[in-house]
There are 2 protein chains.
Amino acid sequence: MGKKNNVTFNDIAKYTNFSKTTISRYFNNPDSLTLENQKIISDALVKLNYKENKVARILANGKTEFIGIIIPNFYHHYYSEMLNQILSTYETFGYKFLVFVGNENEETERRYIQELMAYKIEGLIVLSHTLSSSELADLQIPIVTIEREDEHVCSVNTDNYMGGVQATCLLAKRNCDILIHINSPTSPDLPAYGRIQGFQDTCKEQQLNHRIIYRELESQHEQVKSQLENVLKEVDSNYQGMKKGIFISNDTHANVLLNLLVRKYGTLPDDYLIVGFDNSPISTEAIIPISTVGQQIDKLAFEAVSLLVEQMNERKKRKPKPLKEPIHKVITPVLFHRDTT
Amino acid sequence: MGKKNNVTFNDIAKYTNFSKTTISRYFNNPDSLTLENQKIISDALVKLNYKENKVARILANGKTEFIGIIIPNFYHHYYSEMLNQILSTYETFGYKFLVFVGNENEETERRYIQELMAYKIEGLIVLSHTLSSSELADLQIPIVTIEREDEHVCSVNTDNYMGGVQATCLLAKRNCDILIHINSPTSPDLPAYGRIQGFQDTCKEQQLNHRIIYRELESQHEQVKSQLENVLKEVDSNYQGMKKGIFISNDTHANVLLNLLVRKYGTLPDDYLIVGFDNSPISTEAIIPISTVGQQIDKLAFEAVSLLVEQMNERKKRKPKPLKEPIHKVITPVLFHRDTT
């Protein structure tokens with residue numbers, strides 16, 4: 001990796017008899033040269049065995065083409081699939097991604113963001129819930145969040161309210177005697193709160209017998225299992241002989257609930273209907289395929305990067321017009337009707 | 001982001017009355033300055049509100065601190081957890097990760113690698129199986145692969161053979177009448193082939209009645225399910241009344257098999273024992289917790305980055321000694337004994 005073989009703009013200029021400025025324009029703004037001259041230079045690059053050095057280009061034009069990503073964890077399939085879809089936008093936009101896992105620690109995430117800033121990222125995508133949107137907005141770079149508190153920054157979220165409505169209407173159509181929503185206590189600031197609101201509003205509008213059960217479900221599998229075991233006991237005894245429609249926070253939890261029922265009864269009893277959320281692989285791979293409200297992760301990811309690219313492009317203009325208000329985009333979820341309803 | 005607020009080395013030199021060379025040494029080799037002078041400069045940076053620009057430093061010292069990662073997909077939890085553990089080594093080594101998802105397309109992966117090379121990555125971690133290790137070795141940069149063909153490059157792998165032995169011994173101890181291994185056809189070049197070899201050797205040594213069933217399982221859930229449904233029919237009729245010990249390629253497949261059995265019999269029948277591989281979340285979240293051979297993903301990831309860092313550090317020496325032979329490290333798997341055995 002010595003410097004002997006490094007071909008410089010100078011070398012290319014000498015070889016082609018163009019000025020260094022022309023060579024620089026070839027890399028940064030090729031359309032400003034004629035096709036003929038572009039060809040001469042590209043042939044020279046092959047002859048001289050020129051290796052592109054994007055780091056050098058960055059210094060020349062200030063564009064790193066880096067986007068930072070902070071994701072909270074890889075425990076939920078939702079996050080790994082979102083990362084997958086974000087990374088795949090490279091094919092469309094050409095941005096490269098520097099990825100950090102925050103693990104819900106404020107100080108750690110601040111350090112990560114400082115590191116990303118030092119690498120001159122052009123924009124930041126935040127999926128973790130750790131830092132407030134006002135703190136993020138203070139970074140003064142283009143930011144898009146996905147499914148988290150987003151008052152002061154741009155965001156892309158699933159229409160969680162619509163998802164709640166879809167799940168509730170499906171259970172209502174199946175003539176359940178009681179509709180139950182099980183969820184973790186959720187702040188109204190979070191997009192996911194819409195699932196609860198959508199459930200509640202639909203039940204009230206349609207005058208359906210309903211109940212919301214809050215339990216701390218953001219924990220390890222064993223704890224979730226024992227929480228839901230208790231919920232099930234309660235539901236079993238309170239609503240005996242009634243047809244119970246359960247809409248639960250996500251597919252991981254829906255699967256735990258389903259397994260508890262099947263272990264108890266050998267199969268899913270007729271008086272239990274279940275709808276999850278996310279359309280995770282577990283919803284199809286469960287012992288009985290689970291009905292679910294699917295987030296369109298590919299669309300969420302693409303819209304998030306698009307929204308970021310718009311902001312980043314605006315900044316590169318001679319007279320950039322910063323956004324007056326953050327933009328919040330919303331993606332409609334899709335109901336998957338499977339064997340648990 | 002205009003240039004007005006950019007504090008340069010010149011500004012720092014003027015403010016502190018040091019030369020620009022001294023300022024540069026502060027950033028690239030701080031120990032060459034006295035503690036007192038380091039303090040004067042660091043105070044000046046605060047006063048001048050200097051924002052670190054690592055991109056500029058890279059050009060000065062040639063070290064990008066970037067490691068490229070190519071992962072094949074995010075479908076298997078194994079890959080997302082591996083990425084998680086690799087990213088977390090930032091806390092130990094300080095390297096930043098540029099991540100690409102290969103999706104098993106040769107041309108795509110070559111393009112990604114070219115892009116990573118243009119960004120002057122110092123090393124590359126490859127989890128995808130697409131490009132041969134001889135092609136990777138030709139890149140002439142430090143490389144470590146994980147769980148794939150690795151003849152010409154350094155690698156870290158699970159001791160798959162030991163895993164096969166562990167699974168087989170567990171089933172043998174349970175006095176099964178027939179031991180069955182179900183797997184996709186696997187090339188002997190791949191570390192995962194060790195699972196098959198370990199099963200076979202153990203059965204032969206202990207003179208156990210055994211059989212290996214090959215089916216194409218590297219596909220979508222529905223196909224895997226129908227493949228395993230057929231296998232189960234065959235096993236059911238061929239080994240009726242016998243105690244069957246099944247060791248299967250991974251936990252995702254073990255879960256499909258388990259669900260087929262529970263749906264058929266209402267529970268896991270006494271004459272079926274199952275051992276999976278990976279210790280994925282699905283193995284604990286399945287309807288009956290599945291016994292499995294756990295890969296120590298945290299150790300695999302840490303050793304992979306360590307092995308890469310060693311090679312990268314060697315390159316930075318004045319007289320680097322390249323490795324004569326690739327180093328292959330092996331991590332012992334851990335048996336998890338749960339309710340399916």
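Predicted model: local features only at pLDDT ≥ 70, side-chain atom pairs only at ≥ 80, totals over all residues.
Local features are given at pLDDT of at least 70 and side-chain atom pairs count only at pLDDT 80 or more, while totals for chains, interfaces and linings use all residues. Residues are numbered from 1 along each chain as its sequence is written, and chains are lettered from A and ligands numbered from 1 in the order in which they are written.

Chain A has three parts, listed below, with bounds from an automatic or database domain assignment.

| Part of chain A | Residues |
|---|---|
| domain 1 | 9-61 |
| domain 2 | 66-157 + 298-332 |
| domain 3 | 160-294 |

Taken over C-alpha atoms, the centres of domain 1 and domain 3 of chain A are separated by 61 Å.

Chain A also holds an open, mixed sheet of six strands, in the order β7-β6-β8-β9-β10-β12. Strands are DSSP runs of E with at least two residues, helices are runs of H or I with at least four, and both are numbered from the N terminus; two strands pair if DSSP finds at least two bridges between them. β7 (210-214) and β12 (334-336) of chain A each have a single partner strand, so one side of each lacks a neighbour in the sheet. Within the sheet, β9 (272-278) and β10 (291-294) of chain A pair in the parallel sense over four bridges, and F277(A) stands opposite V293(A) in β10(A).
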